[in-house]
Amino acid sequence: MAKSILILGACGQIGTELTYALRQKHGKDCVVASDIREGDATLMASGPFELLDATNYSALEDVVMHYEIEEVYLMAAMLSATAEKFPMRAWNLNMNSLFNVLNLAKEKKISKIFWPSSIAVFGPNTPKEATEQHTIMEPSTVYGISKQSGERWCQYYYEKYGVDVRSVRYPGLISWKTQPGGGTTDYAVEIYHKAIETQTYTCFLKKGTTLPMMFMDDAIKATLAIMEAPETQIKIRSSYNLAAISFAPEDIAASIALHITNFKMKYEPDFRQQIADSWPSSINDDSARKDWGWQHSFDLEKTTKEMLTNLG
């Protein structure tokens with residue numbers, strides 16, 4: 001029997017690629033994409049789509065019942081840099097959408113949830129190197145506070161009501177297919193576009209700001225893997241640490257310069273520097289690798305080659 005899947009926030013950076021991946025795997029008619037706005041022509045033509053506000057419980061319930069949805073991927077969120085400008089809007093979107101989906105599962109109207117957390121759950125007091133799965137979490141951003149709260153609610157709904165909710169803490173994500181969505185690690189996407197267009201880039205983070213990053217293909221692979229894993233293998237119901245590569249702006253610039261020899265970068269740190277400084281520089285994801293077999297495929301060189309080839 002084919003599963004019936006709903007993606008909330010299908011037009012975002014991750015949601016777009018996740019929609020294509022799930023449609024390829026399960027068939028286009030089994031995967032309903034939704035967002036508060038329509039996506040590009042390719043996404044809209046690839047399968048069923050619903051205009052839907054994830055914070056509207058009754059509208060969400062109607063779509064779930066109409067399509068007989070079994071699994072929900074909740075990708076709708078306001079990301080770190082944007083959330084700092086609109087704190088209450090970010091809290092409303094990030095938390096109420098999660099409560100709506102958790103309550104649908106509690107009421108047995110859906111059977112499984114994927115909800116992404118983020119390295120933003122960590123804070124300035126978190127150990128920076130090889131940050132452990134269980135450690136100090138004192139986020140200093142609106143986005144991080146909402147993600148940490150969400151993790152606790154996911155754990156609560158699993159323990160109290162048996163809700164099968166699964167989560168990973170995404171690092172910064174790099175993709176050539178979709179534009180970034182207002183996050184602090186967006187420089188690692190913008191830099192490739194600018195390298196091709198103008199051979200110069202002004203980075204909004206300072207030299208030496210090492211952050212955990214991941215190529216989008218690996219993020220999609222991890223998302224599918226945790227959802228396909230047998231329930232007995234999911235030992236952590238808050239959110240799993242997830243890692244691939246860590247680098248600073250000068251590392252990615254050097255990687256690009258191997259392909260575009262006259263590429264130049266300068267540094268003009270803005271408010272996002274303070275956000276980046278509160279995050280880890282590398283992540284220990286042994287639990288994900290042990291529990292459900294997570295493995296990444298892309299290092300920095302492979303990522304750069306993929307980005308420049310597809311954007312060029």
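Q: How far is the sulfur of C30 from the closest cysteine sulfur?
A: In this predicted model, C30 is buried, with a relative accessible area of 17%. The closest cysteine sulfur belongs to C11, and it is too far for a bond. The separation from the sulfur of C30 is 20 Å.

Q: How many disulfides does the count come to?
A: A disulfide requires two cysteine sulfur atoms within 2.5 Å. The sulfur of C11 has its closest cysteine partner, C30, at 20 Å, which is too far for a bond. C11 counts as buried, at 11% relative accessibility. The count of disulfides is zero.

Q: Which parts of the structure does the salt bridge between K112 and E71 tie together?
A: The side chains of K112 and E71 meet at 3.8 Å, N to O. K112 counts as buried at 13% relative accessibility, and E71 is buried as well, with a relative accessible area of 4%. The two residues are 41 residues apart in sequence, so their pairing joins strand 5 (residues 112–114) and strand 4 (residues 71–74).

Q: Is D291, which meets K290 in a salt bridge, buried or exposed?
A: The side chains of K290 and D291 form a salt bridge of 3.4 Å, N to O. K290 counts as exposed, at 66% relative accessibility. For D291 the relative accessible area is 12%, and the cut-off for burial is under 20%. D291 is therefore buried.

Q: Which residue has the nearest side chain of opposite charge to D186?
A: D186 is found in the loop between strand 9 (172–174) and helix 7 (187–197). Leaving aside residues up to four places away in sequence, D186 touches P180, G181 and F204. D186 is buried yet has no salt bridge. At 5.5 Å, the nearest side chain of opposite charge is that of R272.

Q: Which residues lie nearest the centre of the largest pocket?
A: The largest pocket holds about 920 Å³ of space, and 43 residues line it. Elements giving two or more residues to this lining include helix 1 (13–26), helix 5 (87–106) and strand 9. Nearest the centre are M75, A77, M78, L79 and G181.

Q: How many salt bridges does the structure hold?
A: One of the salt bridges joins the side chains of E268 and K266 at 3.8 Å, N to O. E268 is partly exposed, with a relative accessible area of 47%, and K266 counts as partly exposed at 48%. A network of salt bridges links D164, R166, E231 and R237. The number of salt bridges in the structure is 17.

Note on methods:
Residues are numbered from 1 along each chain as its sequence is written. This is a predicted model: local features need pLDDT of at least 70, side-chain atom pairs count only at pLDDT 80 or more; totals for chains, interfaces and linings use all residues. Side-chain values use heavy atoms; hydrogens and water are left out. Helices (H or I, at least four residues) and strands (E, at least two) are DSSP runs, numbered from the N terminus. Buried means under 20% relative accessible area, exposed over 50%, partly exposed in between (1.4 Å probe, protein chains only). Lys and Arg count as positive and Asp and Glu as negative; His and the chain ends are not counted. A salt bridge is a side-chain nitrogen of Lys or Arg within 4 Å of a carboxyl oxygen of Asp or Glu. Contact means heavy atoms within 4.5 Å. On a 1 Å grid over the protein atoms alone, a cavity is a set of points where a 1.4 Å probe fits but cannot get out, and a pocket is an open set with protein on both sides within 12 Å along at least five of seven lines; lining residues have an atom within 4 Å of a point. Grid points are joined across faces, edges and corners, and a volume is the space filled by probe spheres set on the points.
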